[in-house]
Amino acid sequence: MKTLTARRRHVLALVANGNTNAQIGRLLGIHERTVNRHLAEIFQVLGARDRANAVAIALVAGELGPQHIHMPTQEAAA
């Protein structure tokens, strides 16, 4: 399996943390279409069918680790 570029790994980490494509675009200073293109490439490289599947595959494959996923605090969840 091919590996993800650092940029695509960063995009996928933002997906794993619950960000929408629009939010990811704002956070990275790129257009939402560019985020969509990155996600299409991520899905292709990982053989994923959707965002959740891509995150799961990336975790199993070692492309993402627990350090990339931030659990919300109780205050933020309330």
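This is a predicted model: local features need pLDDT of at least 70, side-chain atom pairs count only at pLDDT 80 or more; totals for chains, interfaces and linings use all residues.

Trainee: Which residues of helix 1 are buried, and against which helices do they pack?
Mentor: Helix 1 covers residues 6-16, and its buried residues are Val11, Leu12, Ala13, Leu14 and Val15.

Trainee: Which residue just after helix 1 takes a positive phi, and of about what value?
Mentor: The residue to look at just after helix 1 is Gly18. Its phi is positive, at about 85°.

Trainee: How do helix 1 and helix 2 cross, and which residues of helix 2 make the contact?
Mentor: The axes of helix 1 and helix 2 come within 10 Å and cross at roughly 130°, which makes helix 1 oblique to helix 2. Helix 1 passes helix 2 in a right-handed crossing. On the side of helix 1 the contact is made by Arg7, His10, Val11, Leu14 and Val15, and on the side of helix 2 by Ile24, Leu27 and Leu28.

Trainee: How do the residues of that contact of helix 1 with helix 2 divide by class?
Mentor: Sorting the contact of helix 1 with helix 2 by class gives 6 nonpolar, 1 polar and 1 charged residues.

Trainee: Are helix 2 and helix 3 roughly parallel or roughly perpendicular to each other?
Mentor: Helix 2 and helix 3 pack with their axes 8 Å apart, at an angle of about 110°. The contact involves Asn21, Ala22, Ile24 and Gly25 from helix 2, together with Glu32, Val35, Asn36 and Leu39 from helix 3, and its residues divide into 4 nonpolar, 3 polar and 1 charged. Since angles from 65 to 115 degrees fall in one class, helix 2 and helix 3 are therefore roughly perpendicular.

Trainee: Is the crossing of helix 3 and helix 4 left-handed or right-handed?
Mentor: Helix 3 and helix 4 pack at an angle of about 50° with their axes 10 Å apart, and that makes helix 3 oblique to helix 4. The crossing of these helices, helix 3 and helix 4, is left-handed.

Trainee: Which residues meet where helix 3 packs on helix 4, and how do they divide by class?
Mentor: From helix 3 come Leu39, Ile42, Phe43 and Leu46, which meet Arg51, Ala54, Ile57 and Ala58 of helix 4. The residues of this contact of helix 3 with helix 4 divide into 7 nonpolar, no polar and 1 charged.

Trainee: Which residue forms a salt bridge with Glu63, and how far apart in sequence are the parts that the pair ties together?
Mentor: The structure holds 1 salt bridge, and in it Glu63 pairs with Arg9, the closest N and O atoms being 3.1 Å apart. Glu63 is buried, with a relative accessible area of 8%, whereas Arg9 counts as partly exposed at 25%. Because Glu63 lies in the loop between helix 4 and helix 5 (74-77) and Arg9 in helix 1, the pair ties together parts that are 54 residues apart in sequence.

Methods. Residues are numbered from 1 along each chain as its sequence is written. Side-chain values use heavy atoms; hydrogens and water are left out. Buried means under 20% relative accessible area, exposed over 50%, partly exposed in between (1.4 Å probe, protein chains only). Helices (H or I, at least four residues) and strands (E, at least two) are DSSP runs, numbered from the N terminus. Axes are lines fitted to C-alpha atoms, for helices over the stretch in contact, and angles run from 0 to 180 degrees between N-to-C directions. Angles under 35 degrees count as roughly parallel, over 145 as roughly antiparallel, 65 to 115 as roughly perpendicular and the rest as oblique. A crossing is left-handed if the near helix is turned anticlockwise from the far one by less than a right angle, and right-handed if clockwise. Contact means heavy atoms within 4.5 Å. Ala, Val, Leu, Ile, Met, Phe, Trp, Tyr, Cys and Pro count as nonpolar, Asp, Glu, Lys and Arg as charged, and the others, Gly among them, as polar. A salt bridge is a side-chain nitrogen of Lys or Arg within 4 Å of a carboxyl oxygen of Asp or Glu.
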